[in-house]
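These are my notebook entries on a structure that I looked up step by step.

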Protein chains: 2
Amino acid sequence: MSIAPTVLDRIQRVTQAPKVALHEPTFGGNELKYVTECIQTGWVSSVGEYVNRFERELAAYTGAAHAVVVSNGTSGLQVTLELVGVRRDDEVLVPALSFVATANAVRHCGAWPHFVDSDVCTLGIDVAKLEAYLRDIAEQRNDGCYNRRTGRRIAAVVPMHTFGHPVDMPALVELAERHRLEIVEDAAESLGSWIGDRHTGTFGRCAMLSFNGNKIVTTGGGGAIITNDGALAKRAKHVTTTAKQPHPWAFFHDEVAYNFRMPNLNAAMGCAQLERIGQFLEAKRLLASRYVDAFRDVPEVSMFLERPGTQANYWLQTLLLAPEVAAQRDEILATTNAAGQMTRPVWELLYTLPMYSSCERMATPVADDLAQRVVNLPSSPQLMPGVV
Amino acid sequence: MSIAPTVLDRIQRVTQAPKVALHEPTFGGNELKYVTECIQTGWVSSVGEYVNRFERELAAYTGAAHAVVVSNGTSGLQVTLELVGVRRDDEVLVPALSFVATANAVRHCGAWPHFVDSDVCTLGIDVAKLEAYLRDIAEQRNDGCYNRRTGRRIAAVVPMHTFGHPVDMPALVELAERHRLEIVEDAAESLGSWIGDRHTGTFGRCAMLSFNGNKIVTTGGGGAIITNDGALAKRAKHVTTTAKQPHPWAFFHDEVAYNFRMPNLNAAMGCAQLERIGQFLEAKRLLASRYVDAFRDVPEVSMFLERPGTQANYWLQTLLLAPEVAAQRDEILATTNAAGQMTRPVWELLYTLPMYSSCERMATPVADDLAQRVVNLPSSPQLMPGVV
C-alpha cells in the first residue's frame with residue numbers, strides 16, 4: 001500500500017501552508033538596513049567594512065582563528081585544496097554521497113575524486129571503513145600516501161557534513177594523521193553544527209562554508225574559508241584577491257591567482273543574517289521535533305536526528321524511508337511536490353554521473369542504500385513563526 | 001623642471017574637490033529600489049527575475065544575441081576560453097599591456113599566455129605587428145595554428161579594450177581568420193564603447209564584460225559573457241550553473257562544471273546601473289573634454305582620445321606623458337596621490353611579473369614605452385554633477 005498520501009498529510013500538518021519551498025531564506029533583521037548603507041555610501045564592491053566584519057564574525061562564531069570570504073563555496077573549496085598541496089593528478093577522497101561541487105572542486109585543481117562510502121549513523125564518510133580500505137589499497141611513500149592500483153598520490157580527504165550532520169571528525173583526524181592525508185572540510189551545509197564544543201570545519205586544516213540562497217545563512221551567493229592556520233589564511237586572502245602586493249598605485253601581482261572576492265554588498269547581507277543564526281537554529285530544531293511528532297505513527301519512515309555528543313543545524317530536514325518502502329520514494333516525491341510541499345531526494349551518487357563514472361571508488365553499499373531512502377522535507381526556519 | 005605641480009593643478013581645476021578617487025560608482029537611480037525588492041521578496045540568490053532581465057538588457061544594449069551573467073569577469077573569461085576550445089598547454093595571444101586577470105584566465109584553462117605588443121593609436125593589440133610576427137613564428141597544421149618554436153598550438157587571441165578604447169577589431173577578425181585563431185574579447189573595460197555601430201565584444205566569437213566596483217556599470221562584483229553564438233551561450237549558462245539537467249527534483253549533472261552564478265541581488269543593482277549608462281557615458285565624455293581643455297597649455301602631456309570611427313566609453317581618463325618627461329611619472333603619481341587626487345600608472349607589463357616572465361612573447365617596444373607614460377586621472381561620472 002502506498003504511504004505517499006500519509007507522508008503528504010504529515011508534512012502538511014507541520015507546515016500548515018498550501019505551498020512550501022524546500023528552504024527559503026528570511027530577511028526580517030538588519031539585511032535591508034546594512035545593504036542600504038552600502039548603496040548610500042557607495043561601498044558595494046570587494047573592499048569594504050562589511051567584508052572585514054563578516055570575516056571577523058564568522059571566525060568568532062565558528063571559533064576558527066581566521067575566515068576569508070569568497071565568491072562561492074565551490075571556488076573556496078578549490079582554493080583550499082590547492083593551498084593544502086593538492087596537485088594535478090593527485091587523488092582526493094570524497095564521499096560518493098555529496099553535492100556535485102565537492103567533486104568538481106577536486107577536478108578544478110586537476111586532481112581526481114576517489115569516492116568513499118557513508119556511515120549510516122552520520123550520513124558522512126564512514127571512517128572505520130575508510131581505514132580498512134586504505135590499509136588494503138594504499139601505501140606510504142616518501143611524499144605521502146599512494147594508491148597502489150593507480151600509482152597516484154592520495155593527497156587529501158574531504159569530509160562533507162551532510163544536511164548539517166557532523167562527520168565523526170575525531171576519528172577522521174586520527175586516520176588522516178596515520179595515513180598522512182590533509183583534511184579539508186566541506187562545511188557548506190554545516191554552519192551552526194558542532195561536535196562537543198567544537199564547530200564543524202575546525203577539525204581539518206581548513207574548511208569551506210557556503211552562503212548560497214538555500215543555506216542557513218545566505219549572502220545571495222558566496223562562501224568562506226575558515227582555518228586556524230594563520231599562514232594558510234593569509235595565502236587564501238592573497239590568492240583569492242589577484243595576489244596583488246600592497247602599494248598605493250602599482251599593480252604588482254606575484255603569482256597566478258583568482259578574483260574570488262565577495263562584494264561588500266553581499267557581506268552586508270551576511271552580517272545581518274549571522275546576527276539571527278541563533279533563531280534560525282532554534283526554529284530548525286523545533287521543526288525537527290515537530291516532524292518527529294508528526295511521523296511517530298508512521299512506522300515505515302523515521303526522521304534522521306543528530307548523534308549523541310553532536311549538535312546538528314538541521315539545515316535540511318531528513319526523512320529516512322524504511323527499506324521495504326524505498327521503492328515508493330519517487331511516488332512520495334511526486335505526490336508531495338504536486339501538492340505544493342517541496343521535497344527532494346538526496347543527490348545522485350557522484351560515481352553514477354558520467355564525468356565521474358570511471359573514477360576510483362570503494363564499494364559503497366551504504367551510500368547506495370541511503371540514496372534510495374532519503375527524502376528531504378520543507379526546512380525553512382520561518383515555518384516556525386513563533387521563533388523566527 | 002618638474003611638471004608634477006602643474007599636472008596636480010590642472011587635475012584640481014577639473015575635479016574641484018579636495019579628495020577624489022580614481023573611479024567611484026554612483027547609485028542615484030533605482031539601485032536601492034530594486035535591491036530592496038529582492039530582499040523583501042526573498043529572491044536574492046542565483047535564480048531570479050533580475051538575473052534574466054539583466055541578461056536580456058545586456059544583450060539588447062550591446063546588440064549581442066545572448067548574455068550570460070557570471071560571478072566575475074576573470075571566471076567569465078576562463079569559461080569562454082574553454083568553450084571556444086582552448087586546451088591545456090595551448091598558447092593564447094594576450095596583450096602584454098593588460099590587467100593580470102587576462103593572463104590568469106588563460107592559466108586557469110591550463111594554457112599559456114603569449115604576449116604581444118600594443119598599438120600606440122589604440123592602446124590594444126597591434127594587429128599589423130601581430131600579423132608579421134605570426135608569419136615569422138607560426139605555421140598552420142591540421143588542427144590549427146602552431147608556434148614553431150614551442151610546438152604548442154596557438155588557439156586563440158584575446159584583444160583587451162584598454163580603458164574603453166577599442167582595439168582595431170575589423171583587422172583582427174581578418175587576421176584571426178587567416179591564422180585560424182578564435183577571438184575572445186576581454187571587454188571588461190569597454191561596456192559602452194563602439195566601433196562604428198557595433199559594440200565592442202561582438203566582433204569575436206564571444207566576449208567577457210566586468211561589473212566590478214570600479215567599472216562603468218557595477219554589480220558590486222560580477223561579469224557577463226556575450227556572444228552571437230546561440231550554442232555557445234547555452235553551453236556557457238550550463239557550465240556556469242553546475243551543468244544540472246532540468247528536473248523537478250533530481251540532481252543529475254552531466255559534466256564537470258562551475259558555480260559561477262551572479263546572485264539576483266547583484267543583478268538587480270546591475271539593472272538599475274544599466275538604466276543610467278547613457279548619463280555615465282555623457283559625463284565621462286564631458287570629463288575628457290574638460291581634461292583636454294585643462295591640459296591644453298601643458299605641452300609635455302596629452303589626453304588619449306578615441307580614434308575616428310570609434311566611440312570610447314572613457315572609462316578611465318588617460319594622460320600620456322611626452323617621452324621627455326616620462327621619467328617624472330612616479331613623481332607625478334606621488335604628488336597627485338599625496339594631494340588627494342587619485343591617479344594611477346598602467347599595469348605592470350604582464351611579462352615582467354614573476355609567474356609570466358618565462359612565457360613566449362614578441363618584442364614589445366610600444367607597450368614598454370606606454371607603460372612608462374600612462375597616468376590615469378580621476379574618472380568618476382559624478383565629477384560632472386550637471387550630467388549625473
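The entries below follow that order.

**Entry 1: the model.** I noted at the outset that this is a predicted model.

**Entry 2: the annotated lysine.** I looked up the UniProt annotations, which come from an unreviewed entry, and found "active site" placed at Lys215(A). For "modified residue: N6-(pyridoxal phosphate)lysine", the unreviewed UniProt entry also lists Lys215(A). I then located Lys215(A) in chain A, in the loop that runs between strand 10 (206-210) and strand 11 (223-227).

Entry 3: Is Lys215(A) buried or exposed? I found a relative accessible area of 10% for Lys215(A), and because buried means under 20%, Lys215(A) is buried. Leaving aside residues up to four places away in sequence, I listed the residues that Lys215(A) touches as His23(A), Ala188(A), Glu189(A), Ser210(A) and Trp315(A). I also recorded a polar contact of 3.1 Å between the side chains of Lys215(A) and Asn214(A).

Entry 4: How many cavities of 30 Å³ or more does the structure hold? I recorded two.

**Entry 5: the largest cavity.** I noted a volume of about 220 Å³ for the largest cavity. Its lining comprises 25 residues, and those nearest the centre are Ser71(A), Pro263(A), Ser71(B), Arg261(B) and Pro263(B). By class, I recorded four nonpolar, 19 polar and two charged residues in this lining.

**Entry 6: the second largest cavity.** I noted about 30 Å³ of space in the second largest cavity. Which residues line the second largest cavity? I found Lys215(A) in the lining, together with Ala188(A), Glu189(A), Ser190(A), Leu191(A), Ser210(A), Phe211(A), Ile216(A) and Val217(A). Ala188(A), Glu189(A) and Ser210(A) are among the lining residues, and I had already listed them among the contacts of Lys215(A). The lining of the second largest cavity divides into five nonpolar, two polar and two charged residues.

**Entry 7: a serine of chain B.** I found a relative accessibility of 2% for Ser75(B), so Ser75(B) counts as buried. Which residues does Ser75(B) touch, not counting residues up to four places away in sequence? I recorded Phe260(A) and Phe260(B).

Terms used:
Residues numbered from 1 in each chain as written. Chains lettered and ligands numbered in written order. Predicted model: local features only at pLDDT ≥ 70, side-chain atom pairs only at ≥ 80, totals over all residues. Heavy atoms only, no water. UniProt positions renumbered as here; feature names shortened; annotations may be inferred. Helix = DSSP H or I, 4+ residues; strand = E, 2+ residues; numbered from the N terminus. Buried < 20%, exposed > 50% of the residue type's maximum accessible area, 1.4 Å probe, protein only. Contact = heavy atoms within 4.5 Å. Polar contact = N/O pair within 3.5 Å; in protein donor to acceptor, adjacent residues only side chain to side chain. 1 Å grid on protein atoms, 1.4 Å probe; cavity = no way out; pocket = protein on both sides within 12 Å on 5 of 7 lines; lining within 4 Å. Points joined across faces, edges and corners; volume = space filled by probe spheres on them. Nonpolar A, V, L, I, M, F, W, Y, C, P; charged D, E, K, R; others polar.
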